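Hello,

Here is the structure you asked for.

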Amino acid sequence: MPVRHWRRPLLWLVSTAAVVATVAVAAVLPTAQAAQPGSPLLAFLNRISGQYTLSGQHNREPNSDPTKYTRVAQQITGQTPGLWGGDFLFASADVNARQTMINEAINQWRSGSVVALTWHMCPPTVGRTCGWDEAGILGSLTDAQWSQLITGGTALNNAWKARLDEVVPFLQQLKNAGVEPLWRPIHEMNDPWSWWGGRPGANGSRRLYEITYDYLVNTKGLTNLVWVWNVKDLDMGSASQYVPAANTFDVASLDVWVKMEPSTSDYQTMLNLAGGKPIALAEVGRTPSPTILTSQPRWAWFMVWAEWLTDPAYNTNAGVQATYFHPRVLNRGEFSVAGTPPTSTPAGGNLALNRPILASSQESGTLTPARAVDGNTGTRWSSAYADQQWIYVDLGANRSVTGVTLRWEAAYASQYQIQTSTDGTSWTTVYSDYNGNGGTDTVNFAAATARYVKMYAPLRGTQYGVSLWEFEVRGS
């Protein structure tokens, strides 16, 4: 999590060989969740787990400009990241601009992005602001101070709760606005670079996390948070010593800084420690490659750290684009957190409404595939100006599909096929039209079992691409 002059000490850049030799970790089997039952965001993360990965970009200082690095991602890819990351931070100027950051978090949520919040917090032994130095974030507590910190009613324990009180009003604003942020406190707790990290065992760093959970949820009533437990890709064999109580976290996440990308062993360790809960790449320097996305499909999101997006030691524009354009990656406009289909859809209902959807291309950053399944006939998806375009929707589970309705914009397909699939790989053509003339096409066919439904257009009918106001799927 490098920030401005927060360059990581050289000791962080240890050789990969020294840290990749992990040992098998016994699976932890959490049976409870931290978020409130019925949390739409947690349900969404569980729904996409193993199927899709959200793109994400962190926006660190200045808090007065909380989309600084999201705009860079947009410039490189033409897409808006599916996840926006903010930070409460610690320096005076950024602490004073926290309201600006929270205003943007609400805006991002309402615009269709998932919100992730981090807090590089000053130790409870100093004031509300501090520096990136041994008197602040990089400082340490003595064992006696730590013991007091995690003991209820002591001076340092009360000081810690007062530190949490600094952000409670902001988190309450998010709750009032209906925002469910991914909340990642006490992050990278297995690494001693910070004053809160590097203390294994029941009374170590994980205990401070548990105290934080109890205070914010049970004392302050902040029931809108989706709790993200976090470690770094350092000595993963001991990561199990940092797992907090199962009912205090919803997602197990990894920050990848020792390596360029998570190893197979890192991935398996996180799956074991998560015990069936979603896993995520909470901080990375390099965007996960298509190879990683395919071989490690359970990462629910990745979040690139600020300016590392354009650091040539980590990324190239072509590499970032390859990640953002990968079929498994969801950018803003390509998903809906609340888009779970009902367990029983009435016959003839639109199974595609607000479902995850992918396309071969899009004409611009606003004419996204998600516009074709948003239920609004005033918004649309438009492809690049070329033949052989496609768009397909993920219904979330196998359904009995009996027809589609294609509401064409002026740029229609003169030839198109409707195809279905149960795995997103093997497709069966259930309907063909080689004399398309646009308008609204209502297509019926024999019931087909399908999770994925595609419109494939080998030939466009105009000089433009192909464009749909809505792509509706009928069935039960």
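Helix H6 passes helix H8 in a right-handed crossing. This comes from a predicted model, as does the rest of this note. H6 covers residues 155–165 and H8 covers residues 205–219; their axes come within 11 Å and cross at roughly 55 degrees. An angle between 35 and 65 degrees counts as oblique, so H6 and H8 are oblique to each other. On the H6 side the contact is made by Asn157, Trp160, Lys161, Leu164 and Asp165, and on the H8 side by Leu208, Ile211, Thr212, Tyr215 and Leu216. Sorted by class, this contact has six nonpolar, two polar and two charged residues.

I also looked at helix H2 (residues 68–77) and helix H11 (residues 317–324). Their axes come within 9 Å and cross at roughly 90 degrees, which makes H2 roughly perpendicular to H11. H2 contributes Ala73, Ile76 and Thr77 to the contact, while H11 contributes Asn317, Val320, Gln321 and Tyr324. The contact of H2 with H11 has four nonpolar and three polar residues, and no charged ones.

At least two lining residues come from each of strands E4 (114–118), E5 (182–184) and E9 (299–304), and E4 gives the most, with three. By class the lining of this cavity is seven nonpolar residues, one polar and one charged.

Of its 16 lining residues, Phe325, Glu334, Ala359, Ser360 and Ser361 lie nearest the centre. Strand E11 (residues 357–359) supplies the largest share of that lining, three residues. By class, the lining of the second largest pocket has nine nonpolar residues, six polar and one charged.

Regards

Definitions and conventions: Residues are numbered from 1 along each chain as its sequence is written. This is a predicted model: local features need pLDDT of at least 70, side-chain atom pairs count only at pLDDT 80 or more; totals for chains, interfaces and linings use all residues. Side-chain values use heavy atoms; hydrogens and water are left out. Helices (H or I, at least four residues) and strands (E, at least two) are DSSP runs, numbered from the N terminus. Ala, Val, Leu, Ile, Met, Phe, Trp, Tyr, Cys and Pro count as nonpolar, Asp, Glu, Lys and Arg as charged, and the others, Gly among them, as polar. Axes are lines fitted to C-alpha atoms, for helices over the stretch in contact, and angles run from 0 to 180 degrees between N-to-C directions. Angles under 35 degrees count as roughly parallel, over 145 as roughly antiparallel, 65 to 115 as roughly perpendicular and the rest as oblique. A crossing is left-handed if the near helix is turned anticlockwise from the far one by less than a right angle, and right-handed if clockwise. Contact means heavy atoms within 4.5 Å. On a 1 Å grid over the protein atoms alone, a cavity is a set of points where a 1.4 Å probe fits but cannot get out, and a pocket is an open set with protein on both sides within 12 Å along at least five of seven lines; lining residues have an atom within 4 Å of a point.
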